[in-house]
Amino acid sequence: MPNRSTDTLYQLIKSLEKSEKRHFKLYIKRSSGNEDLKIIQLFDALDKMQEYDEVALLKKVPAIKKQQLSNIKAHLYKQVLASLRLLKSSENVELQLNEQLDHARILYNKGLYLQSLKILDKTKEMAFYYHQDSFLIQAISLEKKIETLHITRSMQGRAEKLTSQANEVHERRVMIAQLSNLALQLYSWYIKNGHARNEKDEAGVKEFFIDKLPEKAREQTGFYERLYLCQCYCWYAFIRQDFLMYYRYTQKWVNLFEEEPHMIEMEPGHYIKGMHNLLNAHFDLRNYQLFQITLRQFEAFSETKVATEHDNARIQTFVYINSARINQHFMLGTFAEGVKLIPQIEEKLEEYILYLDRHRILVLNYKFATLHFGNGDYDRCIDYLQKIIHDHVDLRTDLQCYARLLHLIAHYELGNFDIIEYLIKSVYRFMAKMENLTVVEEEMFRFLRKSFHVPRHKLQPEFEKFLGVIKQFEKSRHETRAFAYLDVISWVESKVYRKPMSTIIHEKYLASKKRSYSKLENA
């Protein structure tokens with residue numbers, strides 16, 4: 001079957017909006033030669049295709065021979081990008097800075113040194129405002145070149161000022177590189193492994209963090225230094241399941257953008273990720289009210305120009321907002337309402353499939369499965385879990401393990417006892433191999449093995465005993481992972497008190513709300 005994801009030109013053309021396609025046609029007509037007539041035909045043919053198929057493509061464009069196709073595709077790819085650059089230059093700060101540097105170089109090459117220096121001054125002013133050190137370095141380098149090779153007399157003391165600026169930017173770039181490297185490495189560890197599985201994992205992460213954190217990192221005042229420092233502490237805390245620290249640094253992360261709102265335009269991706277992590281922190285701490293406030297703020301942002309004018313921001317905002325909405329249903333126990341979101345989310349995921357990473361799909365499938373589990377639809381829960389189990393991805397060993405554990409419990413709920421014994425052994429081996437067994441999980445397997453042989457009408461006392469055992473681990477930091485991925489306690493309580501799991505969770509929410517009101521009244 002043809003695979004549209006294998007051809008980069010096809011992907012690029014399919015990502016274009018109507019206005020971008022129209023601009024490309026006008027751009028080509030203004031600068032076209034005879035050869036460009038072929039790329040327009042190729043563009044139109046690719047635009048109309050539902051899946052990329054080279055054989056069908058050559059039939060649609062007979063003017064292009066097979067041996068010409070590769071070169072013409074490469075030419076078309078460059079022309080589309082050139083058209084987009086012209087169209088988008090006013091929408092993107094980095095493109096504007098690049099354009100100014102290009103103009104400064106052109107003027108320099110024409111021998112118009114003072115005009116070049118004038119543009120470089122504007123470039124530096126803009127780069128300072130948006131904290132764009134990489135452009136500052138280029139601007140300062142060209143200024144130094146002009147001052148070294150030519151006597152401009154444009155400004156007294158320029159040599160000393162340029163030297164000072166160059167040293168300052170260099171020191172800042174070194175710190176930013178160290179902090180961004182550490183943040184990336186910690187995030188990579190989490191994507192691969194999930195939360196720390198045991199004290200050995202935590203000790204290793206802690207040692208790595210302390211060793212790699214630059215001296216004086218906490219003394220930095222620059223935007224990017226503080227941003228990456230927040231990210232370092234954010235991932236460090238999240239891996240260790242220190243959710244209070246995680247909350248503090250995700251809030252600081254978002255606060256940076258609130259202090260300098262113009263940086264949201266410069267770094268929408270970092271802002272969106274910060275809002276996503278702040279919502280996750282509120283979810284982990286069950287900050288119901290703050291979660292709702294932050295979600296509304298995020299939803300309002302999703303309607304702004306910054307969030308809607310580029311595919312990347314629009315898609316990431318969509319994914320993270322809907323992830324948060326699902327988490328809200330988990331907190332409130334409103335699983336039936338949450339399940340209603342799934343079809344429309346899946347429809348959009350299909351539309352965005354070329355742009356989504358496997359990790360995000362993995363997480364969403366687990367959330368869909370958990371929604372169905374909480375709603376009592378164990379068959380649909382199993383359907384989504386099998387997508388994870390059979391996907392053979394090498395990401396998030398923690399989710400791989402919990403998908404299998406939830407799969408086992410769903411079959412237990414369905415009474416599929418003919419395969420339960422096999423699943424218990426299989427899942428236990430898998431989790432043991434991945435070194436993913438905590439005390440809570442060991443107790444879960446012990447309970448399942450035992451209850452497997454107990455008649456259903458005699459299970460009530462066994463559930464009561466099991467609840468007593470796992471409740472004592474509810475506040476243990478190394479055991480919270482089991483409760484974060486699957487609310488085992490609420491599931492067991494639903495059996496003990498003979499209520500739906502959704503009712504148990506909703507009652508906890510109402511009790512928490514009541515306690516909050518009581519505190520306010522007594523304050």
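Ala, Val, Leu, Ile, Met, Phe, Trp, Tyr, Cys and Pro count as nonpolar here, Asp, Glu, Lys and Arg as charged, and the others, Gly among them, as polar. This is a predicted model, in which local features need pLDDT of at least 70 and side-chain atom pairs count only at pLDDT 80 or more, while totals for chains, interfaces and linings use all residues. Residues are numbered from 1 along each chain as its sequence is written, and side-chain values use heavy atoms, with hydrogens and water left out.

**View 1. The largest cavity and its lining.** On a 1 Å grid over the protein atoms alone, a cavity is a set of points where a 1.4 Å probe fits but cannot get out, and lining residues have an atom within 4 Å of a point. Grid points are joined across faces, edges and corners, and a volume is the space filled by probe spheres set on the points. The structure has 1 cavity of 30 Å³ or more, and the largest cavity holds about 600 Å³ of space. Its lining runs to 34 residues, with Phe283, Asn327, Lys367, Ala484 and Tyr485 nearest the centre. Among the elements giving two or more residues to that lining are helix 9 (158-193), helix 11 (223-239) and helix 20 (358-374); helices are DSSP runs (H or I, at least four residues), numbered from the N terminus. Sort the lining by type and you get 19 nonpolar, 8 polar and 7 charged residues.

**View 2. The largest pocket, with helix 28 in its lining.** A pocket is an open set of points with protein on both sides within 12 Å along at least five of seven lines. This one takes in about 800 Å³ of space. Look for Asp284, Arg286, Glu474, Lys475 and Phe483, which lie nearest the centre among the 22 lining residues. Helix 28 (501-522) is one of the helices supplying at least two lining residues, and its 5 residues make up the largest share. By type, the lining splits into 11 nonpolar, 3 polar and 8 charged.

**View 3. The second largest pocket, with helix 5 in its lining.** About 620 Å³ of space sits in this pocket. Of its 25 lining residues, Lys88, Asn92, His310, Asp311 and Asn312 are the closest to the centre. Helix 5 (66-88) and helix 6 (93-109) are among the elements that give two or more residues, and helix 5 gives the most, with 4. The lining has 10 nonpolar, 5 polar and 10 charged residues.

**View 4. Val492 in the largest nonpolar core.** A nonpolar core is a set of buried Ala, Val, Leu, Ile, Met, Phe, Trp, Tyr and Cys residues joined through side-chain atoms within 4.5 Å. Buried means under 20% relative accessible area (1.4 Å probe, protein chains only). Among the 142 members of the largest core, Tyr366, Phe373, Leu408 and Val492 touch the most other members. Helix 11 brings the largest share of this core, 14 residues. Leaving out residues up to four places away in sequence, Val492 touches Phe463, Phe466, Leu467 and Ile470, where contact means heavy atoms within 4.5 Å.

**View 5. Cys234, a buried cysteine.** A disulfide is a pair of cysteine sulfur atoms within 2.5 Å, and the count here is 0. Cys234 is buried, at 0% relative accessibility.

Terms used
Buried < 20%, exposed > 50% of the residue type's maximum accessible area, 1.4 Å probe, protein only.
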